[in-house]
Amino acid sequence: MLCVSLPGAMMRTGVLGLSSMATPILTPNLKNCGRYDFDGRGGCWSGYGKEKRGHAMSTTTGNAAAKKMRLNISPLASSALAESRNSSRANFYKEVLEAARDKFTREISFQSKDKDISLAKALLYVAAEDEAFLAFNREIDICSVNNERRDTSMLYDAKGWDSVEAMPMAEKNINEWLAELDAIAKEVEAELVSRDIGCHLAEVLEAVNKVLFESRSFRRSPVIVDSKCSYLHSALSSGWASAILLSVIYIEVCRRLNLTIVGARVGEEFLIWPPTGNPEELFKVTSGHSLFGVVNGKCVEDPRSKASDINSNSLLGLDIATNRDIIGIALANLIRLYWKRASRANHGLMLTSPLRSVLKSEEKFNKDGSSSDMPLLRPQELRLAIMASERLLILQPHNWSLRRDYGMLLYYKREYEAAVQELSICMAFAPEEEAEVLEPFVEKLHLMRLETSWKTLGQKGRLTIP
């Protein structure tokens with residue numbers, strides 16, 4: 001019988017080597033942008049260096065003096081003060097965005113062995129970046145409202161934090177959410193002590209299952225339609241999680257108990273189990289369920305799921321997912337979620353739809369000389385999908401299909417120059433038949449980019465002569 005070592009005790013556990021993948025660190029390139037042009041991939045927001053931080057702090061310091069002069073401040077000056085204060089808050093979020101992407105990149109970079117990557121930290125950095133992006137947009141909206149109303153009644157003080165770890169998400173910061181996983185592991189230890197039993201594999205798994213699925217009431221969401229199921233902090237807060245995030249929580253809790261848990265993708269599901277030389281014990285049915293079934297939910301009993309076909313023999317033939325693979329699956333889920341939201345008004349629209357109908361698109365483009373047939377998408381959700389795609393490319397920079405999808409997202413965002421660049425790179429890695437499909441579409445994008453530049457220069461869709 002395999003034994004498991006809990007902290008402070010001498011026991012045995014199975015060890016599985018996880019492969020690592022070398023990935024380059026992508027350094028953000030900051031530049032200015034507008035309300036919805038904020039770009040999480042490598043910049044596209046106005047630089048905010050140390051010298052600007054000093055200016056923001058001096059603005060905050062001057063708030064007390066400004067209050068004394070409020071009766072003598074003109075409406076225009078009052079509006080400027082409101083904008084300055086809200087801009088200070090926005091600058092905090094912009095710094096958090098940069099820090100979150102940088103720390104995510106460092107966590108999964110080639111400098112880290114795959115086994116040393118913290119799934120929890122990496123996914124909390126993902127959540128922090130997206131939360132900061134949404135908060136940044138809210139601050140810009142508040143700033144605009146204050147400016148329109150010329151009213152100081154909506155003023156807020158600048159945040160008292162300036163690091164990604166300190167930013168609250170669902171009332172807790174990153175360190176506190178990591179501590180929440182520690183607390184769950186402590187509850188499992190207490191459950192084992194209360195039972196007065198040994199630390200054999202079956203007992204430990206039963207204790208983990210009791211704490212997660214009974215005491216904490218965690219549930220697997222069968223369909224990803226809510227962002228609360230797609231971010232680690234939201235899953236820990238609400239108890240509802242996608243299959244991959246519930247697996248991450250299980251893996252992280254067991255890691256704190258010195259129990260190794262591995263996983264693999266099976267169809268649309270992600271299954272987890274402890275590596276053991278006797279997998280038959282995972283499939284022994286007691287009280288109507290096996291340990292494997294309890295850990296992975298009802299999907300293993302659903303005849304429509306490929307997971308229902310897994311047994312002790314086929315389990316050994318599955319490809320074990322690395323930590324980078326698991327993070328990649330979570331990011332791919334975010335892309336699908338936000339693309340579905342962004343394209344809600346265009347039923348059935350897929351990222352690759354323009355590629356399948358490229359000939360018709362070219363005929364229409366050449367006929368009316370415009371790109372007015374571009375579908376209308378929700379800009380905020382589209383940007384979140386782009387940000388998830390950028391992080392996924394950091395994990396797998398040579399995956400041509402991921403780069404194609406990223407280029408298509410940029411196309412829908414009307415960032416034609418960047419889309420041409422990414423799709424051109426994609427053509428160099430893609431199979432020949434895929435490159436042949438991409439080539440005419442990239443040529444079309446060249447024309448659309450030129451058309452856009454003409455409109456920008458001429459303001460009325462034509463070139464003007466000085």
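Okay, one term before we start: when I say two residues meet or are in contact, I mean they have heavy atoms within 4.5 Å. Keep in mind too that what you're looking at is a predicted model.

So, the overview. The protein has 466 residues, and 50% of them count as buried. Its secondary structure comes to 17 helices and 6 strands. If you take contacts between residues at least 6 apart in sequence, 68% of those join residues at least 24 apart.

Which residues bring them together? On the α6 side we have Leu205, Val208, Asn209, Leu212 and Phe213, and they meet Leu246, Ile249, Tyr250 and Cys254 of α8. Sorted by class, that contact has 8 nonpolar residues, 1 polar one and no charged ones.

The crossing itself is right-handed.

The largest nonpolar core has 122 residues, and Ile249 and Tyr250 are among the ones that touch the most other members, along with Ile327, Tyr411, Tyr412 and Leu445. Which helix gives the most to this core? That's α4, residues 119-149, with 13 residues.

Leaving aside residues up to four places away in sequence, Leu445 touches Tyr411, Tyr416, Ala419, Val420 and Leu423.

Helix α15 is residues 400-412 and α16 is residues 416-429; their axes come within 8 Å and cross at roughly 160°. Why call them roughly antiparallel? Well, angles over 145 degrees count as roughly antiparallel, so that's the label α15 gets relative to α16. This time the crossing is left-handed.

The list of residues goes like this: from α15, Trp400, Arg403, Arg404, Tyr406, Gly407, Met408, Leu410 and Tyr411 meet Tyr416, Ala418, Ala419, Glu422, Leu423, Ile425, Cys426 and Phe429 of α16. By class we get 12 nonpolar, 1 polar and 3 charged residues in that contact.

Now for the loop joining those two helices. Arg414 sits in the loop between α15 and α16, and Arg414 has a positive phi of about 65° although it isn't a glycine. Why point that out? Because most residues other than glycine have a negative phi.

Ser217 is in the loop between α6 and β1. With 39% relative accessibility, Ser217 is partly exposed.

Last stop, Asn311, in the loop between α9 and α10. Asn311 is partly exposed too, at 35% relative accessibility. Where does Pro279 come in? Asn311 and Pro279 are 32 residues apart in sequence, and their C-alpha atoms are 8.7 Å apart in space.

That's the tour, thanks.

Note on methods. Residues are numbered from 1 along each chain as its sequence is written. This is a predicted model: local features need pLDDT of at least 70, side-chain atom pairs count only at pLDDT 80 or more; totals for chains, interfaces and linings use all residues. Side-chain values use heavy atoms; hydrogens and water are left out. A nonpolar core is a set of buried Ala, Val, Leu, Ile, Met, Phe, Trp, Tyr and Cys residues joined through side-chain atoms within 4.5 Å. Buried means under 20% relative accessible area, exposed over 50%, partly exposed in between (1.4 Å probe, protein chains only). Helices (H or I, at least four residues) and strands (E, at least two) are DSSP runs, numbered from the N terminus. Axes are lines fitted to C-alpha atoms, for helices over the stretch in contact, and angles run from 0 to 180 degrees between N-to-C directions. Angles under 35 degrees count as roughly parallel, over 145 as roughly antiparallel, 65 to 115 as roughly perpendicular and the rest as oblique. A crossing is left-handed if the near helix is turned anticlockwise from the far one by less than a right angle, and right-handed if clockwise. Ala, Val, Leu, Ile, Met, Phe, Trp, Tyr, Cys and Pro count as nonpolar, Asp, Glu, Lys and Arg as charged, and the others, Gly among them, as polar.
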